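Dear colleague,

I am handing over the structure we spoke about, and below it you will find what came out of going through it. Please read the notes with the structure open beside them.

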Amino acid sequence: MSLSEAKKKVGGLAGVIAGSSAICTCGLGNGLNYYGYSIQDLAKMAEFEEVAYLLQFGELPKENELKEYKEKICANRNLSENLKAVLRAIPKNVHPMNLMQSAVAALGALEAEKEDFSDQDEKIIRLLGILPSVLCYWHHYSNFGKEIDFNSDEKTIAGYFLEKLQLSKPKEDFIKAMHCSLILYAEHEFNASTFTARVCASTRSDIFSAVAAAIGALRGPLHGGANEAAMHLIESFSSVEEAIKGVNKKLENKELLMGFGHRVYGVGGDPRNELIKEWSKKLGGDTLLYKVSEAIENLMKEKRPSLPPNADFYSASAYHFMGIKTDYFTPIFIMSRVSGWCAHIKEQRANNKIIRPSSEYTGPEPRNFVNIKER
Ligand code: SDX
């Protein structure tokens, strides 16, 4: 078998069941569910903190449990002086995904998890609380030399992040849209970054190493980075007509349209798309950006129905309408998916076996060593 045939055969483990998990179902024809709750119900009726609790503990919280959980997350927003020193050393032209990964790796050094993982739940809450502070502290320091504080009356991650990023009270609609986006991005079965986290956790590594590894996987434009790439695609057109022409050309040239296609969702589409599209329309439905987005979506529906819009396509315009700069889109994905990654890290630890698949050998037959003088 040739190398290219072998590569085609393995094809990114497409269709391979690489383990079992009780956390999420997606692409099996029964939609997207977190521990049995549909994404539609969660996105419309829950706060992100309820979903983060569900992913961390396997059940939706009661009122008092949610109150206590939110208080614990709020109490974990502060950055230590050492961590601030690390963030101040990272210049503003660094890609924010590398900033976020550096901060999580630094947390593994400065606030290490216990060797027996007995404090894993505290570390998960620490990550949920601190990640918005990391991005906002670095944003204001690296751009304006200003050190922000972490006090806020906002009791949720959605509101706190928007407030600290823009240093102003966020609109209620923006907070609601952010809750929806954080819920949609929270968990998605064995996607590339989650599987990365599980592989790392399976060696009995610490939670910060596993999350830092997952951030590395999410950074790529074929995965989490697609929301930023989709924004660049959409804003590159100055009219609906230009967008239709441009996308047709890209399709002819076999270029990837960012924000479209998915490994597990076929023609039925990504159930998250409609939910975030609703918010994009509510926040900016009368703008050219939204109209160009819809034109691209309709063109793809007609020309490439097997490539439906995924969660990233309308997340781009929704975030833009909330005043968030494009290269902060994927870091928001981290703030949400950290709950899914940690759910899988806990699950892997609870019934662990090191993840080590085999490869199909396509290299040369055994041969004798040739001394360098005879080569
Ligand atoms: C996320 O896995 C998850 O669950 C991820 C995620 C999550 O919540 O964790 O849902 C988040 O990562 C969503 C996906 C974001 N990425 C993008 O939007 C980037 C653009 N999409 C493509 O790169 C692609 O669709 C993938 C990576 C999403 C899926 O790739 P697959 O399943 O490996 O499909 P493929 O690359 O084998 O494509 C099959 C064919 C190819 O053409 P041929 O070589 O067979 O001729 O479809 C084409 C591809 O070229 N194709 C596209 C396309 N996606 C696939 N052509 C144009 N535009 C696209 N977006």
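This is a predicted model: local features need pLDDT of at least 70, side-chain atom pairs count only at pLDDT 80 or more; totals for chains, interfaces and linings use all residues.

The domains

The domain assignment divides the protein chain into domain 1, which is made up of residues 20-217 together with 335-350, and domain 2, which covers residues 226-321. Taken over C-alpha atoms, the centres of domain 1 and domain 2 lie 26 Å apart. Where the two meet, domain 1 contributes 19 residues to the contact and domain 2 contributes 18 residues.

The contact between them

About 1,600 Å² of area is buried between domain 1 and domain 2, and carbon and sulfur atoms account for 65% of that area. On the side of domain 1, the residues that lose the most area to domain 2 are L184, Y185 and H188, which together make up 32% of what that side buries. As for polar links, 7 residue pairs are in polar contact between domain 1 and domain 2, counting pairs with both residues at pLDDT 80 or more. The elements of domain 1 that give two or more residues to this side are α2 (39-45) and α9 (172-185), and α9 supplies the largest share, with 9 residues.

The search also finds 1 salt bridge across the interface of domain 1 and domain 2. A salt bridge is formed by K44 and E278, whose closest N and O atoms are 3.3 Å apart.

Leaving aside neighbours within four places in sequence, D312 is in contact with Y185, H223, G224, A226, N227, A230, G259 and F333. With one of these, Y185, D312 makes a polar contact between side chains at 2.5 Å, and Y185 is also among the residues of domain 1 named above for the area they lose to domain 2. D312 and D270, although 42 residues apart in sequence, are 9.9 Å apart in space from C-alpha to C-alpha.

The other residue is H140, which is found in helix α7, residues 120-144. H140 is likewise buried, with a relative accessible area of 5%. Its side chain reaches the backbone oxygen of K164 at 2.8 Å, and K164 is one of the residues that H140 contacts beyond its neighbours within four places in sequence, the others being G145, K146, I148, L165 and L167.

The cysteines

How many disulfides does a search of the whole structure find? The search finds 0 disulfides. C24 is buried, with a relative accessible area of 8%. C342 is in no disulfide either, the nearest cysteine sulfur being that of C200 at 12 Å, and C342 also counts as buried, at 1% relative accessibility.

With best wishes

Methods. Residues are numbered from 1 along each chain as its sequence is written. Side-chain values use heavy atoms; hydrogens and water are left out. A disulfide is a pair of cysteine sulfur atoms within 2.5 Å. Buried means under 20% relative accessible area, exposed over 50%, partly exposed in between (1.4 Å probe, protein chains only). Domain bounds come from an automatic or database domain assignment. Contact means heavy atoms within 4.5 Å. Buried area is the accessible area (1.4 Å probe) that two parts lose on being put together, summed over both. A salt bridge is a side-chain nitrogen of Lys or Arg within 4 Å of a carboxyl oxygen of Asp or Glu. A polar contact is a pair of N or O atoms within 3.5 Å; within protein, one must be able to donate a hydrogen and the other to accept it, and residues adjacent in sequence count only if both atoms are side-chain atoms. Helices (H or I, at least four residues) and strands (E, at least two) are DSSP runs, numbered from the N terminus.
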